[in-house]
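Please look at the sequence and the structure shown below, and keep both in view while you read the explanation that follows.

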Amino acid sequence: MATTDTAPTGGEKRRHGRFSLSNGAYRAILIVGAGIFAALVAWFLYSIVNQARPIFSALGVSWIFQPTWNPNLHKFGLLPFILGTIETTAIAMVLAVPIGLGTALSLAYLVPARVKVVLGSAVELLAAVPSVVYGLWGVVALAPLWREYVEPFLTSVLGWTGLFNGPNEGVGLLLAGTILFIMVLPTMVAISRDVLAVVPREQVEGAMALGATRWQVLRKVVLPDARTGLLGAFTLATGRALGETVAVALVIGNSNYIAHSLKSPAATLPSLIINNFGEASGTELAALFGAGLVLLVIGLGVNSIARVLVRGKTGAAGGATSVAVA
Amino acid sequence: MSVLTFDPSGDPILERRRQIQSIAQASLGRRKASSAVALGICWVFLVLAIIPLVAVIVYTFAKGIVAWNATFFTQVTKPEGIPDGGVANALVGTVIIGAVATAVTIPLGLLGGLFLAESDGRVAAGIRFTADLMTGVPSILMGIFGYIALVKAFGYSGLIGAFAIGMIMLPIIMRACETAIRGVPGHLNEAGLALGARRFMIARRVILPAALPGIITGVLLAIARGVGETAPLLFTIFGNQYMQWNPTKPMDALPLVIYNNSSQPYPDLLQIAWGAALLLMAMVLVLSIGSRIVAARLQRERR
């Protein structure tokens with residue numbers, strides 16, 4: 001590689017008395033650095049797949065969708081947990097999409113400049129609050145509130161839908177979904193705001209010059225232009241909600257049965273793993289690794305979609321923030 | 001000469017403009033009303049978003065500050081019923097695990113970031129996409145990975161916790177470094193090349209100093225994310241109610257104390273959990289705010 005080195009050598013090195021590397025060696029070190037990362041990822045994927053393999057070779061693929069989890073009866077169906085994961089995430093996103101979008105629009109276009117800076121920083125700081133703190137807050141502060149006020153209220157107003165049958169327990173799908181909503185909100189607002197902020201200024205001003213009202217500008221110019229990036233932000237938030245472990249495990253009530261109501265205790269794939277990992281062995285442990293693999297596949301799928309959508313939408317300016325908080 | 005006469009009433013363009021204006025005028029009231037309603041909803045959503053986020057901070061502060069006393073910081077965690085428990089062992093564990101993870105991931109992340117910033121090939125694109133995906137992989141899977149790959153062979157230890165946390169931090173640092181390095185103006189790089197400097201020299205003396213604010217921000221944010229993670233630690237460091245400075249042994253950590261105590265019915269354990277939550281949140285916020293201050297100061301010095 002030294003032959004391709006066109007830079008002057010020797011003299012400069014001696015003058016500064018400093019360590020230097022030829023271009024080839026430098027390049028090689030960079031490749032090693034990136035290679036180590038790639039190797040770690042490969043090791044990670046191999047480990048999970050390898051440990052999950054026994055359960056798949058023993059039970060095939062259909063066991064994933066069996067409705068019963070009972071290790072004593074040798075039943076390891078993951079359906080309740082897949083449903084729980086989807087349901088909690090759905091509750092979170094139903095709340096987070098409109099509220100996050102409204103907040104991002106306000107932050108990007110409506111609030112005064114000074115407020116924008118303060119709130120913008122606050123949102124990014126909040127994205128860093130550890131999830132276990134949200135979990136602790138949820139189980140101590142929100143669960144009694146949900147049991148005494150929120151769930152009775154929702155039952156009286158929306159009980160006819162059949163979604164709110166059963167006793168008010170506080171912990172359950174609804175609280176887990178709410179906590180997830182609060183958790184993903186800062187991430188979602190931060191990325192959505194970055195996406196909205198890079199809508200070309202001329203288009204916004206052009207629409208205003210044509211006499212459009214502020215809402216018309218937002219709806220007909222800003223939102224269509226930012227559509228792909230916003231979808232990416234929502235998908236990214238979905239991915240975070242799907243994989244959240246401790247906060248959900250603390251507030252979902254951890255039941256191994258399919259929930260029959262939004263107030264029912266339930267469990268998600270991550271909460272199943274974390275609650276049973278300590279005592280599991282043999283086939284049950286393999287089943288938990290299998291659950292991990294299912295979670296990995298869902299997570300990678302959702303995140304690939306999100307990244308493709310967000311890619312190139314925030315550009316270099318927003319990229320740093322989005323990467324940091326995501 | 002009839003060509004020169006101009007009859008505005010018959011001009012189709014003006015006619016069309018007048019039409020549009022009258023339509024716009026007629027709908028102005030309705031459009032203004034719907035705009036007011038929609039923007040009002042946006043404002044309501046902004047407030048709705050702020051309430052829970054402020055509530056979690058205020059609540060944690062109010063509950064946690066009560067727990068902060070001398071024994072909280074100097075004593076180790078005690079089981080229920082034994083007074084004067086603290087979180088000293090967990091604080092030491094979190095700091096050591098965070099420090100080890102940071103020390104290992106910074107050089108790797110820097111190399112990876114430089115590689116990504118200086119390469120545009122298909123391999124680099126693949127690694128970039130992989131790094132993006134890895135930042136979104138559920139953190140519990142890193143714990144399972146640490147368990148399968150290392151705990152089974154070496155037993156529980158703080159180092160494996162640092163490994164799992166490092167796996168979460170590495171892609172974040174790589175991408176942040178890449179973004180920061182790509183933000184350095186290309187002419188600096190070209191000036192270095194024109195002076196006959198080697199690429200290593202340019203990277204060390206020109207590009208890295210110029211990209212430093214962005215790199216520091218990224219690293220501090222990655223640390224903030226890393227030390228707050230609970231799930232990876234549950235599978236790797238096991239927890240330890242005694243003071244343990246040796247990272248090759250099972251350790252305790254603040255997120256673990258919070259998680260374990262939060263499902264306890266005992267008020268004193270719960271109070272420790274709140275104190276630990278406030279401590280952890282304060283650490284994370286200091287790192288996040290610190291990263292902004294550092295970045296802003298370095299940016300200003302450069303001007």
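Which element gives the largest share of the lining of the largest cavity? The answer is H8(A), which supplies 4 residues of that lining. Before going further, note that this is a predicted model, in which local features need pLDDT of at least 70, side-chain atom pairs count only at pLDDT 80 or more, and totals for chains, interfaces and linings use all residues. Residues are numbered from 1 along each chain as its sequence is written, chains are lettered from A and ligands numbered from 1 in the order in which they are written, and side-chain values use heavy atoms, with hydrogens and water left out.

Chain A has 12 helices and 2 strands, where helices (H or I, at least four residues) and strands (E, at least two) are DSSP runs numbered from the N terminus. Read from the N terminus on, the order of elements in chain A is α-α-β-β-α-α-α-α-α-α-α-α-α-α. Of its 326 residues, 55% count as buried, a word that stands for under 20% relative accessible area, against over 50% for exposed and in between for partly exposed (1.4 Å probe, protein chains only). A contact means heavy atoms within 4.5 Å, and among the contacts in chain A between residues at least 6 apart in sequence, 75% join residues at least 24 apart.

On a 1 Å grid over the protein atoms alone, a cavity is a set of points where a 1.4 Å probe fits but cannot get out, while a pocket is an open set with protein on both sides within 12 Å along at least five of seven lines; lining residues have an atom within 4 Å of a point. The structure holds 4 cavities of 30 Å³ or more, and about 470 Å³ of space lies in the largest cavity. Of the 30 residues that line the largest cavity, Ala127(A), Arg240(A), Glu244(A), Arg225(B) and Glu229(B) are the closest to its centre. Its lining has 16 nonpolar, 8 polar and 6 charged residues, where Ala, Val, Leu, Ile, Met, Phe, Trp, Tyr, Cys and Pro count as nonpolar, Asp, Glu, Lys and Arg as charged, and the others, Gly among them, as polar.

The second largest cavity holds about 50 Å³ of space, and among the residues that line it are Thr94(B), Ile97(B) and Gly98(B). Here the largest share, 3 residues, comes from H3(B), and the lining divides into 5 nonpolar, 3 polar and no charged residues.

Turning to the pockets, about 570 Å³ of space lies in the second largest pocket. It is lined by 22 residues, and Leu95(A), Trp146(A), Val150(A), Thr178(A) and Phe181(A) lie nearest its centre. H5(A) gives the largest share of this lining, 7 residues, and by class the lining has 21 nonpolar, 1 polar and no charged residues.

Why does Thr77(B) count as buried? It counts as buried because its relative accessibility is 14%. The residues that Thr77(B) touches, not counting those up to four places away in sequence, include Gly86(B), Asn240(B) and Asp252(B). With the side chain of Asn89(B), the side chain of Thr77(B) makes a polar contact (3.0 Å).

How values were computed:
Grid points are joined across faces, edges and corners, and a volume is the space filled by probe spheres set on the points. A polar contact is a pair of N or O atoms within 3.5 Å; within protein, one must be able to donate a hydrogen and the other to accept it, and residues adjacent in sequence count only if both atoms are side-chain atoms.
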